[in-house]
Amino acid sequence: PPSTISIHPVEKHNDKNGPPSQDPKITVDDTQKVKKGETLTFTFSLESKDKTLSEDKVFMVKAGKDKKPEPVRFNLSYELSEDSKQITGTAKAEDVKCDNQGGYLIYYDKMPPPPHRQMRKKGRKPGPPGPPPGGFVIQVEGCSKRRKFLS
């Protein structure tokens, strides 16, 4: 039996009332693992359907607890595709320390608003919301998961 499906194409999401689709789309592995003192290198990409991308609008910040996001001390290099619709980025962190552990965010042009804390509904598994688009976590082996204030 024919099912009734809305005729509007799903691709276009330029309605003012709909959620804005992320443009450019940021792709990064959401967990990066590295041993303390070693070098971490990873790649990420930004892809746009119709925007011309510019390398100087790509930012990576470390999510600070109750603080403003901090700039990262990684070496960042970028490659721009010929049509300027895709940027491939490489991040390199040498001599990784415990304070590199934590959540990070890659964003383009303007920082996205923080995710709304979801009210916990009964029956839902409690847990932190997933990382936002462009968000990832660095786990450093040899460092405790919880920050200790004693050095």
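**View 1. A salt bridge joins Asp 109 and Lys 110.** The side chains of Asp 109 and Lys 110 form a salt bridge, with N and O 3.7 Å apart. A salt bridge here is a side-chain nitrogen of Lys or Arg within 4 Å of a carboxyl oxygen of Asp or Glu. Asp 109 has a relative accessible area of 34% and is therefore partly exposed, whereas Lys 110, at 63%, counts as exposed. Buried means under 20% relative accessible area, exposed means over 50%, and partly exposed lies in between (1.4 Å probe, protein chains only). This is a predicted model, in which local features need pLDDT of at least 70 and side-chain atom pairs count only at pLDDT 80 or more, while totals for chains, interfaces and linings use all residues. Residues are numbered from 1 along each chain as its sequence is written, and side-chain values use heavy atoms, with hydrogens and water left out.

View 2. A search of the whole structure finds three salt bridges. In one of them, the side chain of Lys 92 meets that of Glu 94 at 3.6 Å, N to O. Lys 92 is partly exposed at 35% relative accessibility, and Glu 94 is partly exposed at 41%. Lys 97 forms a salt bridge with Asp 95, and their closest N and O atoms are 2.9 Å apart. Lys 97 has a relative accessible area of 37%, which makes it partly exposed; Asp 95, at 42%, is partly exposed too.

**View 3. The whole chain contains strands and no helices.** The chain has zero helices and nine strands. Helices (H or I, at least four residues) and strands (E, at least two) are DSSP runs, numbered from the N terminus. Of the 151 residues in the chain, 25% are buried. Among contacts with a separation of 6 or more, 72% are between residues 24 or more positions apart. Contact means heavy atoms within 4.5 Å.

View 4. Two strands pair if DSSP finds at least two bridges between them. Strands of a sheet pair through backbone hydrogen bonds, either parallel or antiparallel. Strand 4 runs antiparallel to strand 5, with two bridges between them, and Val 61 has Pro 71 in strand 5 as its bridge partner. Strand 4 is also antiparallel to strand 8, to which five bridges join it; here Phe 59 is partnered by Tyr 107 of strand 8. Four bridges link strand 8 to strand 9 in the antiparallel sense, and Leu 105 has Gly 135 in strand 9 as its bridge partner. Five of the seven residues of strand 8 are buried, so strand 8 is largely enclosed by the rest of the structure.

**View 5. Met 60 sits in the largest nonpolar core.** This core has 23 residues, and Phe 44 and Met 60 have the most contacts inside it. Strand 3 (40-47), strand 4, strand 7 (86-93), strand 8 (102-108) and strand 9 (135-141) each give two or more residues to the core. Strand 3 gives the most, with four residues. A nonpolar core is a set of buried Ala, Val, Leu, Ile, Met, Phe, Trp, Tyr and Cys residues joined through side-chain atoms within 4.5 Å. Not counting residues up to four places away in sequence, the residues that Met 60 touches include Phe 42, Phe 44, Leu 105, Ile 106 and Phe 136.

**View 6. Lys 62 is buried and has no salt bridge.** Lys 62 lies in strand 4 (residues 58-62). The nearest side chain of opposite charge to Lys 62 is that of Glu 70, 5.1 Å away. Lys and Arg count as positive and Asp and Glu as negative; His and the chain ends are not counted. A polar atom of the Lys 62 side chain lies 3.2 Å from the backbone oxygen of Asp 99. The Lys 62 side chain also reaches the backbone oxygen of Gln 101, at 3.3 Å.

**View 7. Val 140 is a buried residue of strand 9.** Val 140 lies in strand 9 and counts as buried because its relative accessibility is 3%. Val 140 and Lys 36 are 104 residues apart in sequence, yet their C-alpha atoms are 5.7 Å apart in space. Not counting residues up to four places away in sequence, Val 140 touches Lys 36 and others, among them Val 34, Val 96, Asn 100 and Gln 101.

Technical notes
A polar contact is a pair of N or O atoms within 3.5 Å; within protein, one must be able to donate a hydrogen and the other to accept it, and residues adjacent in sequence count only if both atoms are side-chain atoms.
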